[in-house]
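Subject: Structure for you to look at

Hello,

Here is the structure I promised. Please open it and read my notes alongside.

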Amino acid sequence: GKGNAAAARSGGPAQIRRGRIAATASDSGAVQTSGGGVESPGFVVDPYRGPIEAPSLADALSSSKGFSYLRARFNQGVSSMWAIALCTRKGKTHGKDAFKAEASELFEQVSAASAGGEGALHRVDALVTPTAMAALRSESRARRRAGWERMEWELAEKPAIELIQMRAHVLDRSLNRGVVQATMRVRSQQLFSAYGAAPAPGERGVKVAGTAPGKPAAVVDWWVLEVPLADGQNKWRLAAKIPAVPEGAVVKLEDVK
């Protein structure tokens, strides 16, 4: 509609404007394209660092901090609503429950393939962006250098998905180039065992790390998923794993762009 076209021309909310500026290199040919011609910007548009710290009542009443805080919170909310509206308009998701179900399945498949090492990662090539795949391969190599030759991994129960924020990265006025990214916190109960090199073919190496048998560990992951805006490309993919945001962490108002 006219409203969406106008938002695309102006860049939409603050976070979307930053995304369009960052996309200058993408417009010149730096957009990553994976199998099937699916595009990805190759970075997280607006990395989540925590909620904005609210000013004290005294500061809010005696300075401009109160207004600045409300404006920043408003901009963040509008950015998420804009991204959700794009997803809805272009049929990228069918509600929060459907998204969480797809995200849960993606989390389990990608995590299992990652535990299987580089040889297993090809199974999830369609579920991750090129940048995320490179990071997963790097993680696998780091584990082997640390002496983890093989891993066994499983979920003890379905993960709990919490949607934290959504951001749009729009590259043209047609709204057909770019992505929507969803930041989520994943709480899960995991069982895993890591083994060193096997002493002989067909034998199991010594367990060097892992959980006790039947006693899963509580794990919290922060993942960013993305879906292309292009028509007909409705599959969410892992775009990045981001550093865990500690409980109680806040972003200083002066650090909000």
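The largest cavity has a volume of about 30 Å³. A cavity is a set of points on a 1 Å grid over the protein atoms alone, where a 1.4 Å probe fits but cannot get out; lining residues have an atom within 4 Å of a point. Grid points are joined across faces, edges and corners, and the volume is the space filled by probe spheres set on them. The whole structure has one cavity of 30 Å³ or more.

This is a predicted model, with residues numbered from 1 along each chain. Local features need pLDDT of at least 70, side-chain atom pairs need 80 or more, totals for chains, interfaces and linings use all residues, and side-chain values use heavy atoms, without hydrogens and water.

Which residues line the largest cavity? They are Val44, Asp46, Gln165, Met166, Arg167, Gln181, Ala182, Thr183 and Val224. Strands are DSSP runs of E, at least two residues; helices are runs of H or I, at least four; both are numbered from the N terminus.

Now the cores. A nonpolar core is a set of buried Ala, Val, Leu, Ile, Met, Phe, Trp, Tyr and Cys residues joined through side-chain atoms within 4.5 Å. Buried means under 20% relative accessible area (1.4 Å probe, protein chains only). The largest core has 37 residues, and Leu86 is among those that touch the most other members. Helix 6 gives the largest share, seven residues. A second, separate core of nine residues includes Val224 and Ala239.

Strand 8 (residues 237–241) has four of its five residues buried.

Best wishes

Terms used:
Buried means under 20% relative accessible area, exposed over 50%, partly exposed in between (1.4 Å probe, protein chains only). On a 1 Å grid over the protein atoms alone, a cavity is a set of points where a 1.4 Å probe fits but cannot get out, and a pocket is an open set with protein on both sides within 12 Å along at least five of seven lines; lining residues have an atom within 4 Å of a point.
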